[in-house]
Amino acid sequence: MGDSVDLRNVFAEFVGTIFVMLAGPGLLVLGGDAVGTLGVAIGFGAATALSIGVIGAVANPMFSLALFFARGITGHQLVTDLIGQVLGGIAGAALIWGMNDAVRFRAGSNGWEPTSEVGLQLTGYSTLGTVIAAELVIGIVITIVLLSSINQELPESAVAAFTGLAVTVGALFLLPISGFGANPARSIGAAIFADTDPNALGQLWVFVIVPLIASFGGVLVWLGIDEATVDDTVFDDTILDDVADAVDELVDGD
């Protein structure tokens, strides 16, 4: 029974992440200027909403890690999520590559501009510091929306809608800055099939590490604005719990 549940979870995340790849990077590669930034942002958001609300997948390692931190899923479920998501990201990128006449694509991947010298820009994106800051802030905000909507015990359709809307807004903000990462599985898949200068694989580390940090940061901010406490997370009985207790005692003392 456990193996059957595991396979269903892996497959759901696999399918959901493929959907996100086709509706996001796929539109960037195959839709071109006809779709535009708004159309791509809506694609990312709609695919996320449908993955959560219909397929039952979050389709994003950043979300899965945040849910694990918040004790929404177990460590075992986190692993199956990540397997399905990474495989789905690669498979989705492969489908885009195939529909692009088996030609590696220049659009659709993430990156940053390696030089700030005027006239020497290669990628059209922002410089590394700006990309890291923007990806971190947007990742935290999207994570907060997901956790808050779940903790308020909203219907799954509402959780999907609010999270999808947050992804849409985040994509509108990040597409011109970094190509909109905020999802390591999406970034890994696109980088493998990209043909960019600088090489997308060489810049991939930012779009894997920063969203995972954002998931942690999102949980911390969520704890500050929600009724949930550190005791409700995996950080119970850690230094974070001690800090939270000290802050509570300080506030109560006042």
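Colleague: Where does valine 54 lie?
Modeller: Valine 54 is in helix H3. Helices here are DSSP runs of H or I, at least four residues, and strands are runs of E, at least two, numbered from the N terminus.

Colleague: Is valine 54 buried or exposed?
Modeller: Exposed, because its relative accessible area is 65%. Buried means under 20%, exposed over 50% and partly exposed in between (1.4 Å probe, protein chains only).

Colleague: What sort of model is this?
Modeller: A predicted one: local features need pLDDT of at least 70, side-chain atom pairs count only at pLDDT 80 or more, and totals for chains, interfaces and linings use all residues. Residues are numbered from 1 along each chain as its sequence is written, and side-chain values use heavy atoms, with hydrogens and water left out.

Colleague: How many helices and strands does the chain have?
Modeller: The chain has 10 helices and 0 strands. Read from the N terminus, the order is α-α-α-α-α-α-α-α-α-α.

Colleague: New topic. Where is threonine 163, and is threonine 163 buried or exposed?
Modeller: Threonine 163 sits in helix H7, residues 156-178. Threonine 163 counts as buried because its relative accessibility is 0%.

Colleague: Which residues does threonine 163 contact?
Modeller: Set aside its neighbours within four places in sequence. Threonine 163 then contacts Thr48, Ile52, Phe63, Val145, Leu146 and Ser149. Contact means heavy atoms within 4.5 Å.

Colleague: Which residues of H4 are buried?
Modeller: They are Pro61, Met62, Phe63, Ser64, Leu65, Ala66, Leu67 and Phe69. Phe63 is also one of the contacts of threonine 163.

Colleague: What do the buried residues of H4 pack against?
Modeller: Several helices. They pack against H3, H5 (75-99), H6 (128-151), H7, H8 and H9.

Colleague: You named H8 and H9. Which residues meet there?
Modeller: From H8 come Pro184, Ser187, Ile188 and Ala191. They meet Leu204, Phe207, Val208, Pro211 and Leu212 of H9.

Colleague: Back to the whole chain. What share of the residues is buried?
Modeller: Buried residues are 47% of the 254 in the chain.

Colleague: And what share of contacts joins residues at least 24 apart?
Modeller: Take the contacts between residues at least 6 apart in sequence. Of those, 73% join residues at least 24 apart.
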